[in-house]
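Please look at the sequence and the model together while reading this report. The notes are meant to be checked against the displayed coordinates.

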Amino acid sequence: MAAEAVSVSKSVEQVSVAGDEPPSEYIVKDSFLGSVHPSPPLSPFPIIDISLFSSPSPAEEVNKELEKLKSALSSSGCFQAIGHGISSSFLDKVRDVAKQFFALPENEKQKYGRAVNESEGYGSDRIVSDKQVLDWSSRLTVTVFPEDKRRLNLWPESPNEFRLLLRGPFRYIIEEFASQIKVLTSILYKAMARSLNLEENSFSNQFGDRASMKARFNFYPTCSRPDLVLGVKPHTDRSGITVLLQDREVEGLQVLVDDDKWVKVPVIPHALVVNLGDQMQVHNRSLVKL
C-alpha cells in the first residue's frame, strides 16, 4: 500500500473560505473516462416506483415497472427510485444533519478525522501521488453494517456547546437511515433479479447477510473557479449498489451514458438515485451495465 506521504498546504475548505484560486493539484484536465464537460445536457432518467415491488400490486403494473428496471440495468445502470417508503421529512433530516456537521468548526470535525491510509472518518482524498488530481470536496465516511464493524468513535456526537447546532442525534438519524436503505436494497436486489429472469434471491445470496455498507457524506465548498475543478472525479463505484440522496435543489451529479457522453441527473427532491457498482458488473457482466 502506498504511503500517504504527499500533502497539500491548505484544505479545500480553507481555500474556499479565503476565496483563493484552486491550487494546481485540484485542477482537472482530461479523465480516463473522457473529457469532462462543465455543463453537460440534462437527461431524462428512468424513474422506478419501488412500492410496486414491496406491496400487493396489479400484475400488469408490476411487469411494466420490471421492464423499465431491466432497461435501466442494461443501459446506464442508473435510475431514480420513488415509492421507497422513506418519508420526505426524514430525508430532509438526513440532509440537515450532514450540513450541520460540516458547519462545525474545523477543530471539532477533526475529532473524527480519518487516519493515514484509511477511508473512514472525516477528511478529503487520500493522497498517494504528487500527480494526483484532488476532489474539490470534504467527506465523512462511516461503516454502518455489519453492526459489529462500526467504529463509533468516528460517528459524530456533538459536545454540549454544539447540541443546538446538531439538532437531533447524529447517530440515531444515520442508524435509522442506514436501516431503511438496507431494507430498500433487499427489495431492489429481488426486483432486479426478477427483471432479469433470475432466481429472486440470486443477488441477495451473492452478497450475503453480512454485506458491508458504508455511509458517506460529501460537502462541496464554493470555488472561485468552478470551471477548473470537480467535486468528485469521474469514477465507478466499487460497491454492488450505491443509493444516493442528492441535494434538494442543486444539480451536480453526472453519469456517463453510451460510453462517451456525460449527462446531468435531474434533481427529484425525495427520490433516491440508484447506481450499479463494480461488484455487480463483475458478477453479472452480460446482464447489467455500470
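The sections below cover the basis of the model, a sheet with its helix, and two further sites.

## Basis of the model

This is a predicted model, in which local features need pLDDT of at least 70 and side-chain atom pairs count only at pLDDT 80 or more, while totals for chains, interfaces and linings use all residues. Residues are numbered from 1 along each chain as its sequence is written, and side-chain values use heavy atoms, with hydrogens and water left out.

Four strands form an open sheet in the order β3-β4-β11-β8, with mixed pairing; strands (E, at least two residues) and helices (H or I, at least four) are DSSP runs numbered from the N terminus, and two strands pair if DSSP finds at least two bridges between them. At the edges are β3 (47–49) and β8 (241–244), each pairing on one side only, and the twist averages 30° from one strand to the next.

Strand β8 pairs with β11 (residues 272–276) in the antiparallel sense over four bridges, and Thr242 stands opposite Asn275 in β11. Helix α3 (residues 59–74) lies across β3, β4 (78–82) and β11, running at about 140° to β3; contact here means heavy atoms within 4.5 Å, and angles run from 0 to 180 degrees between N-to-C directions of axes, which are lines fitted to C-alpha atoms, for helices over the stretch in contact.

## Ala103

Ala103 is found in the loop between α4 (88–102) and α5 (106–109). The C-alpha atoms of Ala103 and Phe219 are separated by 9.9 Å, although these residues are 116 residues apart along the chain.
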